[in-house]
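Please keep the structure in view while reading.

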Amino acid sequence: MNSSFFDNKNTLGLLFMLPAGVLLLLFLTYPLGLGTWLGFTDAKIGRAGEWIGIENFQFLIGDSVARLSLFNTLFYTTVASVLKFVLGLWLALILNRRLPFKSFIRAIVLLPFIVPTALSAIAFWWIYDSQFSVVSWTLSKMGLIDRYIDFLGEPWLARLSVTAANIWRGVPFVAISLLAGLQTIPPSLYEASSIDGATPWQQFWNVTLPLLTPIIAVVMTFSVLFTFTDFQLIYVLTRGGPLNATHLMATLAFQRGIPGGALGEGAALAMLMVPFLLAAIMFSYFGLQRRAWQQGGGDK
Amino acid sequence: MSDKTDAAGMEYLQSLPRRWVTLYIPLGVFMFVLLFPFYWMVMTSFKSNEELMSKAANPFWIVKPTLDHFEKLLFRTEYPQWLWNTILISVLSTFISLFAAVLAAYAIERLRFRGSRQVGLSIFFAYLVPPSILFIPLALIVFKLGLFDSVWALILTYPTFLIPFCTWLLMGYFRTIPYELEECALIDGATRWQILVKIMLPLAVPGLISAGIFAFTLSWNEFIYALTFISSSENKTVPVGVITELVEGDVYHWGALMAGALLGSLPVAILYSFFVEYYVSGMTGAVKE
């Protein structure tokens, strides 16, 4: 192995990149291109498509279900992300304080994030059951309702129920990531500001939040990205129903593309998510830049 | 970070009632909500069907615990096969990804070949491409390669989201290893391969564990590819098998569904409990880098 061929950085670099490169090009870059192309064809399962230009996109814009799925996706992403951020930051601040059994608590807080979403969604499915829901049982025993709530049966109630399940899963991720950010803030800043007479509220707004902004930007970008492209929670809980009220773009793309067989239309729908994802990525990129700048990192 | 350096040096000034209102009660509510679905999973999976369907009984407790649902799951469904598939797929795709990621991270971070910066950046962007925009074209590719309805379809496609993550994480770890170690070895006549195997990898073991644990749980939890690329029951993974095979028409076997969810969650939960710190540092490391 000591020949000059293998000592050349460029050759060796290429060789080392080979396994990752082949897998990523074949199963990531190529499908990304193929998916874009499919979006402009009328491909069906078992039949190669013909180029039909922007017909799929024109159809989708005129399709009320597709428009509803865009609305649902935006609603789901916005509401869930805002609440995940607020609750996650609150939980992070709580966990950053002095607590008994701190590391144990921190460990079990993350459980909703690590168990398979499809499986925890089954638990929510049962909690939201129209006849045997434990929430309805408790509320009716307390005398607050007289009829069981049909959580997944009414459009708006279903939207809110799936959003709640998504928040449940996402809060631990946001909280634990922000906690890691909180722990990098030097305690001396808090001591100095409290000597200057700052209240805890002022400390939060003027010390914690500004120093945490870069990591918030990154964490929330990931959170928005995963919520926007969510699939399994909806697929398990409602499959898009009732009356398509909970269809996200990903679940509709699946329904049209795989069981429906309209590969071209499904791919077009999936590709419509890309502009939104690019916006999120740009946001993350500038968040990262700002972070490097704050640490005096320069161009990195 | 130890408790002493926490950003709460003035907390002894707070009175106990105030601590209850601002700290313990909110924390208690958070913990209750976050853990309740798990409690509910356990309760439901040990309840008999009569108890499950009774509106009179207190649903929070079990009068007569039963193992019926587990018995049905393990002996009258293909659950053990799904469990085996999931283990096989997760282990293999994790190892393939770690292997590819170690080489890639070393090349990008240490060999500094021409274009390595751009390659590093594109790996980061690859991490941001979600499976739900790729599954339709990937289904076609998998079909063309003759992998459709085979566990290999998943073993080979899972690395697309595992490699970017692992590479990114390991790049961060390699960056912390001093260059001098490598230079000494080069002067002593070691090849790059020897340096990677004998110097870098032993020093990067924590990073390898973080990346490995995280990759394993990600592949265990994967759903959309497994749902799309696999059609026959004996090749399914646990999450997809439970969702698609245990629901017969309109009859929901809640006990068996919950038992399936519980058994399918336990392996990752146990693995996680042994490696909490590695897992957390993997998760936050990927976010912070």
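## A buried threonine

A residue is called buried when its relative accessible area is under 20%. In this predicted model, B:Thr167 has a relative accessibility of 0%, and therefore counts as buried.

Where in chain B does B:Thr167 lie? The residue is part of helix H8 of chain B, which covers residues 159-175. Leaving aside residues up to four places away in sequence, B:Thr167 touches B:Ala101, B:Ala104, B:Ala105, B:Ile108 and B:Ile123.

## Two domains in chain B

The domain assignment divides chain B into domain 1, residues 13-66, and domain 2, residues 72-288. To the contact between them, domain 1 of chain B brings six residues and domain 2 of chain B brings seven residues. Taken over C-alpha atoms, the centres of the two domains are 33 Å apart.

## The interface between the domains

The size of an interface is often given as the accessible area lost when the parts come together. Between domain 1 and domain 2 of chain B, about 590 Å² is buried, and carbon and sulfur atoms give 85% of this area. On the side of domain 1 of chain B, the residues that lose the most area to domain 2 are B:Met41, B:Thr44 and B:Ser45, which together make up 65% of what that side buries.

Helix H1 of chain B (residues 16-45) supplies the largest share of the domain 1 side, namely four residues. By class, that side has four nonpolar residues, two polar residues and no charged residues.

Terms used
Residues numbered from 1 in each chain as written. Chains lettered and ligands numbered in written order. Predicted model: local features only at pLDDT ≥ 70, side-chain atom pairs only at ≥ 80, totals over all residues. Heavy atoms only, no water. Helix = DSSP H or I, 4+ residues; strand = E, 2+ residues; numbered from the N terminus. Buried < 20%, exposed > 50% of the residue type's maximum accessible area, 1.4 Å probe, protein only. Contact = heavy atoms within 4.5 Å. Domains from an automatic or database assignment. Buried area = accessible area lost by both parts, 1.4 Å probe. Nonpolar A, V, L, I, M, F, W, Y, C, P; charged D, E, K, R; others polar.
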